[in-house]
Structures are given as structure tokens and as C-alpha cells.
Amino acid sequence: RNCGPISLHVAAALAPCISAMSEGKGAVARLVSDLKMLAAFEAASDWGEGKAMDRAFSAVSWDDTKVQAALPEYLAARGADRAKVDYAFASMVSRPPREEDHRHEMIHTWLKARLWLYNKAHPFEIALQR
């Protein structure tokens, strides 16, 4: 998948924020791991490999209590901070969730909650164009 130059711009804007959080906490590793599981889930779905989809879904960091706490905050959020998180996510993950499997959307929402957590601790510097 080619995510285009906007992804590079967003990645550059997010890198210092996520890097600042990662000292001793593994924030970057957890984000990358969850993104890998999303990619594995999508690939398995493309090939109709149900067991591989199950393994990828199970390997998402569902036990991360910080993201669990951030999830309802993200879901209730409105305004500029929510827009920044959604924009950052859309720039990194260009494929919409598949309607036929609700787990795909669950992974998307989990990743957005993770980004919400990071943005809350270290606000992203993204200029949203209107």
C-alpha cells in the first residue's frame, strides 16, 4: 500500500511525541506491534484465512490498561484533539474497516484510542487543513 506523502508528514509530526513517551515505556513498540497486527489481520482477511485473522486479532494489545482507560475518552471526544487523532490515524491506515467483520473496526478504534493517549500526554503538532 502506498500511503503517500501525507503519511510521511504525519509520521514526522508524531515521532517526537511518541518518542518522548517511549522512554522506558515501549510506546513506539506497542503502537508498531498493534499496526502489524492490523496488517496481519487485513492480509489474512484478504486470503480468507480465518484462523490467521483470529491469531492477529488476539495478538492486539487488548490488555494495555492505559489504552483501556483512554478508549471511553476517545469515543466521547469532539473537537480539535479528536480531529487530530483521527487525521493521524487516517494518514497511517488508509484502508477503511470491512463491514463484514466487526473485529476490523475494533482494531481501528483501539489504535485511535492509543493515539488519543499519546496525544493527551504529548500533543501532536498537526496543522489540520480546512
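Visitor: To begin with, what pLDDT does the protein average? After that, please take me closely through helix H2 and tell me which residues of H2 and H6 make their contact.

Guide: Happy to. This is a predicted model, and the protein averages a pLDDT of 85, with 78% of the residues scoring at least 70.

Now to helix H2, which covers residues 27–46. An angle over 145° counts as roughly antiparallel, so H2 is roughly antiparallel to H3. Their crossing is left-handed. On the H2 side, Met37, Ala40, Phe41, Ala44 and Ser45 make the contact, and they meet Ala52, Met53, Ala56 and Phe57 of H3. Sorted by class, the residues of this contact are eight nonpolar, one polar and no charged.

Helix H6 (residues 102–121) is the partner you asked about. Here the angle with H2 is also about 165°, and the axes are 11 Å apart. H2 and H6 are therefore roughly antiparallel to each other, and they cross in a left-handed sense. From H2, the contact draws on Ala27, Arg30, Leu31, Asp34, Leu35, Leu38, Phe41 and Glu42. From H6 come Arg103, His104, Ile107, His108, Trp110, Leu111, Arg114, Leu115 and Tyr118. The class count for H2 with H6 is ten nonpolar, two polar and five charged residues. Phe41 is listed in the contact with H3 and in the contact with H6.

Side chains of opposite charge can pair when their charged atoms come close. Arg114 and Asp34 form a salt bridge, with 3.1 Å between the closest N and O atoms. That pair joins distant parts of the chain, since Arg114 sits in helix H6 and Asp34 in helix H2, 80 residues apart. The total count of salt bridges comes to twelve.

Arg98 lies in the loop between helix H5 (80–92) and H6. Leaving aside residues up to four places away in sequence, Arg98 touches Glu42, Ser45, Asp46 and His104. The C-alpha atoms of Arg98 and Ser45 are 9.3 Å apart, although 53 residues separate the two along the chain.

H5 and H6 pack at an angle of about 125°, with axes 9 Å apart, which makes H5 oblique to H6. This crossing is right-handed. Asp81, Arg82, Lys84, Val85, Asp86, Ala88, Phe89 and Met92 of H5 meet His108, Leu111, Lys112, Leu115, Trp116 and Asn119 of H6. By class, these residues are seven nonpolar, two polar and five charged.

How values were computed. Residues are numbered from 1 along each chain as its sequence is written. Side-chain values use heavy atoms; hydrogens and water are left out. Axes are lines fitted to C-alpha atoms, for helices over the stretch in contact, and angles run from 0 to 180 degrees between N-to-C directions. Helices (H or I, at least four residues) and strands (E, at least two) are DSSP runs, numbered from the N terminus. Angles under 35 degrees count as roughly parallel, over 145 as roughly antiparallel, 65 to 115 as roughly perpendicular and the rest as oblique. A crossing is left-handed if the near helix is turned anticlockwise from the far one by less than a right angle, and right-handed if clockwise. Contact means heavy atoms within 4.5 Å. Ala, Val, Leu, Ile, Met, Phe, Trp, Tyr, Cys and Pro count as nonpolar, Asp, Glu, Lys and Arg as charged, and the others, Gly among them, as polar. pLDDT is the predictor's confidence in each residue, from 0 to 100. A salt bridge is a side-chain nitrogen of Lys or Arg within 4 Å of a carboxyl oxygen of Asp or Glu.
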